[in-house]
Amino acid sequence: MALAGCQPPDAPPPESEPLTEVRGVWLTNVDSEVLDSREAIDDAMRKLAEANFNVVYPVVWNGGYTLYPSAVMDSLFGASIDPRFEGRDPLADLVEAGEQYGLVVIPWFEFGFSSSYNENGGRLLAQFPAWAARDADGGLLTKNGFEWMNPYHPEVQDFLLALILEVVRAYDVDGVQGDDRLPANPSEGGYSAYTDSLYRADHAGAAPPRDTKDPDWLRWRADRLNQFGKRVYEAVKAEDPGLLVTWSPSVFPWAYEEYLQDWPSWLAGGYADLLHPQVYRYDLDAYRATLGNLNADTLSMLLPAGTELPEDYKQRIAPGVLMRVGDYVIDEPYLFAALRANRDAGFPGEVFFFYEGLTANDGRLFQALKDSLYTEPARFPSL
């Protein structure tokens with residue numbers, strides 16, 4: 001009789017547990033041609049599968065347009081899809097290719113509560129001016145070129161939720177994703193007439209503080225964005241409990257101070273299946289320092305007394321890594337050191353922004369990953 005924990009000489013070796021981690025990439029419609037044809041989509045998904053990636057986050061909401069035929073957009077704005085993709089359905093092509101190549105597909109609502117970029121609100125706010133977010137001087141809320149809708153307005157919230165539910169009802173996707181604009185709003189905002197009335201109703205008629213970083217004012221606005229995040233989570237789960245609700249916010253606490261994203265509360269409240277904080281840094285020291293702030297002490301600093309992060313919070317975080325933007329492409333030594341840092345810190349993988357970083361320089365990074373950390377396939381987490 002073999003002792004417990006021992007195997008007789010002729011016993012087959014025990015099967016090792018399959019590796020489980022996030023190996024993802026964002027697919028964009030900016031500086032990218034991946035979504036321009038079914039052939040390009042198939043080529044990208046095949047290459048990702050061959051390199052042992054397991055999840056893609058394709059953009060479906062950008063610049064005031066959807067990248068799938070939307071009945072919601074057609075009914076409100078008379079245009080069902082971004083004109084660039086008229087007559088096609090890139091999301092349907094992606095879902096089919098994902099099934100063919102064994103890749104998880106989680107649509108990414110990139111623009112979130114932003115209405116436009118350098119377009120003075122664009123067609124959304126031209127159609128519904130009451131949806132505009134306002135700064136302390138009454139101007140259209142604008143930050144880094146992005147113009148914003150008012151995320152505290154019920155019509156705006158219903159609109160974004162309708163787009164999200166439209167996708168999960170019409171496509172065989174694996175989940176949805178918000179990012180640094182969903183749920184979010186620049187902390188310079190909150191001064192529309194509608195939001196002013198909400199605040200006064202909660203504060204015995206007192207006006208919102210002019211100091212945009214007033215602690216109580218930050219908290220009041222962030223709490224309402226938290227409520228919307230929870231509403232999205234519950235509505236998606238009501239459609240299908242197996243769908244994942246994922247978020248890709250800015251890094252904390254900067255995300256809270258600048259964009260009212262209190263994502264540790266999303267973890268603590270149970271309405272974040274996976275989080276991909278944007279640890280976008282151009283050098284390794286800065287990456288490691290930012291990654292180091294994803295610890296329990298830092299993430300718990302603003303949680304209410306008696307509220308705690310889940311014990312498995314690290315297993316719900318796979319950092320976002322900046323692979324390419326403009327002329328910048330991450331170099332191999334930094335890339336692999338960053339991925340090792342992720343694993344050393346206990347985070348199960350990463351997501352790259354964005355696909356064209358992998359194909360740059362004749363696909364050098366594609367091959368480098370396949371030859372090293374991504375040599376063996378990995379199962380995408382099911383939480």
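Which residues of H12 are buried? Select helix H12, residues 332-344, to find out.

This is a predicted model, in which local features need pLDDT of at least 70, side-chain atom pairs count only at pLDDT 80 or more, and totals for chains, interfaces and linings use all residues. Residues are numbered from 1 along each chain as its sequence is written, and side-chain values use heavy atoms, with hydrogens and water left out.

**Stop 1: helix H12.** Helices are DSSP runs of H or I with at least four residues, strands are runs of E with at least two, and both are numbered from the N terminus. H12 has 13 residues. Now colour its buried residues: Tyr334, Leu335, Phe336, Ala337, Ala338, Leu339, Ala341 and Asn342. Buried means under 20% relative accessible area, exposed over 50%, and partly exposed in between (1.4 Å probe, protein chains only).

**Stop 2: the cover.** Show helix H10 (284-292) and helix H13 (356-370). Both are among the elements that cover the buried residues of H12. Strand S15 (349-353) is another one of them.

**Stop 3: Arg288.** Select Arg288 in helix H10. Is it buried or partly exposed? Arg288 counts as partly exposed because its relative accessibility is 46%. Leaving aside neighbours within four places in sequence, Arg288 is in contact (heavy atoms within 4.5 Å) with Ala337 and Ala341. Draw a line between the C-alpha atoms of Arg288 and Ala337: it spans 9.3 Å, though the two residues are 49 apart along the chain.

**Stop 4: past the helix.** Go to Gly346, which follows H12. The phi of Gly346 is positive, near 90 degrees.

Notes
Expected span 1.5 Å × (residues − 1).
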